[in-house]
Amino acid sequence: MVRLAVVVALVATVAACKTRDRHSDAGTLPSRAPETAAESPRPSPIPPGKSPPPPGFVDLSDVDSTILLDIRYYTDHNFVGRRIDGYAAPRCLVTAQAAQALHGAQRSANAQGLSLKMYDCYRPLRAGEDFKRWGASLNESEMKAEFFPSLSKSDVFRGGYVAGNRSPHSRGSTVDLTLVALPPKPQRPFVKGEALVACTAAVSERFPDNTLDMGSGYDCFDTRSHTTDPRVTGPAKQNRLTLRQLMTAAGFRNNPSEWWHYSLIADPFPSTYFDFPINP
Ligand SMILES: [Zn+2]
């Protein structure tokens with residue numbers, strides 16, 4: 001009887017995992033399963049089918065569903081050119097404190113006709129290991145033309161653009177983000193193998209992201225990405241300053257080398273680096 005019960009439990013577990021896989025294959029939008037919403041009288045903060053983040057962490061979409069997501073390390077559109085280890089779902093997981101602060105920044109952005117759009121949030125340590133493996137391989141520079149047009153692969157690490165070890169993102173309160181004018185324009189998907197344009201090119205030539213012009217693309221490993229680079233002027237400069245003002249007021253500090261990178265000053269895990277994967 002005991003053995004039968006174990007077998008039954010195992011079958012049930014496998015079935016539950018397969019259901020979860022099906023949900024993850026359904027698409028990349030952070031959506032709730034419709035049948036769940038219909039059955040449940042009150043929306044649950046963690047709908048069935050979505051794995052709960054560990055204690056202290058939340059799914060940003062559960063705190064503020066209006067914040068846009070474009071989780072690049074889940075896609076092929078990043079400096080490596082493929083999905084990064086640990087990113088099994090296009091979710092933005094952050095600490096509860098970071099989520100509340102981002103919710104505040106989003107309300108302030110909305111008052112200016114803008115929305116936050118997240119490129120990266122919590123990042124498992126294993127993603128940094130993946131970056132290091134990529135850095136050590138001699139080939140795999142297929143995305144150089146867009147993301148590091150003026151650098152060699154080794155310079156990407158030497159210049160501090162890519163953290164192979166213990167990125168602050170792995171503490172859960174550091175995010176990469178930009179601003180989008182409301183209502184958001186549609187954005188075409190990146191097609192692996194498409195012709196690449198340097199992230200330092202004029203906004204009219206770069207990949208057609210639906211964001212405000214920030215003077216360089218996301219993860220553009222170039223000094224033009226320094227938040228106050230003097231070559232970035234006019235609206236692009238103003239847009240960087242608007243993002244910095246919104247995020248500073250919400251309690252974040254900018255990395256001056258990357259206009260998109262912000263860390264919550266009151267970090268609840270100032271010396272803890274996490275490695276749980278981002279699951280569907
Ligand atoms: Zn970052």
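Strands β5 and β7 run antiparallel and are joined by 3 bridges. The coordinates come from a predicted model. In that model the protein has 8 helices and 7 strands, and 36% of its 280 residues count as buried.

**Sheet**

- Thr 174 has Ser 263 in β7 as its bridge partner.
- The sheet that holds this pair is open and has 5 strands, in the order β2-β4-β5-β7-β6. Its pairing is mixed.
- β2 and β6 (252–254) stand at the edges with a single partner strand each, so one side of each has no neighbour in the sheet.
- β4 (residues 114–120) and β5 (residues 174–181) run antiparallel and are joined by 6 bridges.
- Asn 254 stands opposite Tyr 262 in β7.
- As a general point, side chains in a regular strand alternate between the two faces of the sheet.

- α4 lies across β4, β5, β6 and β7 (261–264). The helix runs at about 145° to β4.
- Two packed helices are described by the angle between their axes and the distance between the axes.
- For α4 (residues 96–110) and α8 (residues 234–249), the angle is about 135° and the axes are 8 Å apart. That angle makes α4 oblique to α8.
- The crossing of α4 and α8 is right-handed.
- On the α4 side, Ala 105, Ser 108 and Ala 109 take part in the contact, and they meet Leu 246, Met 247 and Ala 249 in α8. By class, the contact of α4 with α8 has 5 nonpolar residues, 1 polar residue and no charged residues.

**Gly 86**

- Gly 86 is placed in the loop between β2 (68–69) and β3 (93–95).
- Is Gly 86 buried or exposed? Gly 86 is buried, because 22 other C-beta atoms lie within 10 Å, and the cut-off for a buried residue is 20 or more.
- Apart from neighbours within four places in sequence, Gly 86 is in contact with Pro 124, Arg 126, Ala 127, Pro 277 and Ile 278.
- The C-alpha atoms of Gly 86 and Leu 125 are separated by 8.2 Å, and the two residues are 39 residues apart along the chain.

**The loop between β5 and α8**

- Pro 183 is found in the loop between β5 and α8. The peptide bond from Leu 182 to Pro 183 is cis, with omega near -5°.
- Asp 219 is found in the loop between β5 and α8.
- Asp 219 has phi near 60°, a positive value in a residue other than glycine.
- Where does Asp 219 stand on burial, buried or exposed? Asp 219 counts as buried, because it has 25 C-beta neighbours inside 10 Å.

**Contacts over the chain**

- Among contacts in the protein with a separation of 6 or more, 73% are between residues 24 or more positions apart.

Conventions:
Residues are numbered from 1 along each chain as its sequence is written. This is a predicted model: local features need pLDDT of at least 70, side-chain atom pairs count only at pLDDT 80 or more; totals for chains, interfaces and linings use all residues. Axes are lines fitted to C-alpha atoms, for helices over the stretch in contact, and angles run from 0 to 180 degrees between N-to-C directions. Helices (H or I, at least four residues) and strands (E, at least two) are DSSP runs, numbered from the N terminus. Angles under 35 degrees count as roughly parallel, over 145 as roughly antiparallel, 65 to 115 as roughly perpendicular and the rest as oblique. A crossing is left-handed if the near helix is turned anticlockwise from the far one by less than a right angle, and right-handed if clockwise. Two residues are in contact if their C-beta atoms, placed from the backbone, lie within 7 Å. Ala, Val, Leu, Ile, Met, Phe, Trp, Tyr, Cys and Pro count as nonpolar, Asp, Glu, Lys and Arg as charged, and the others, Gly among them, as polar. A residue is buried if 20 or more other C-beta atoms lie within 10 Å of its own, exposed if 12 or fewer, and partly exposed in between; C-beta atoms are placed from the backbone. Two strands pair if DSSP finds at least two bridges between them.
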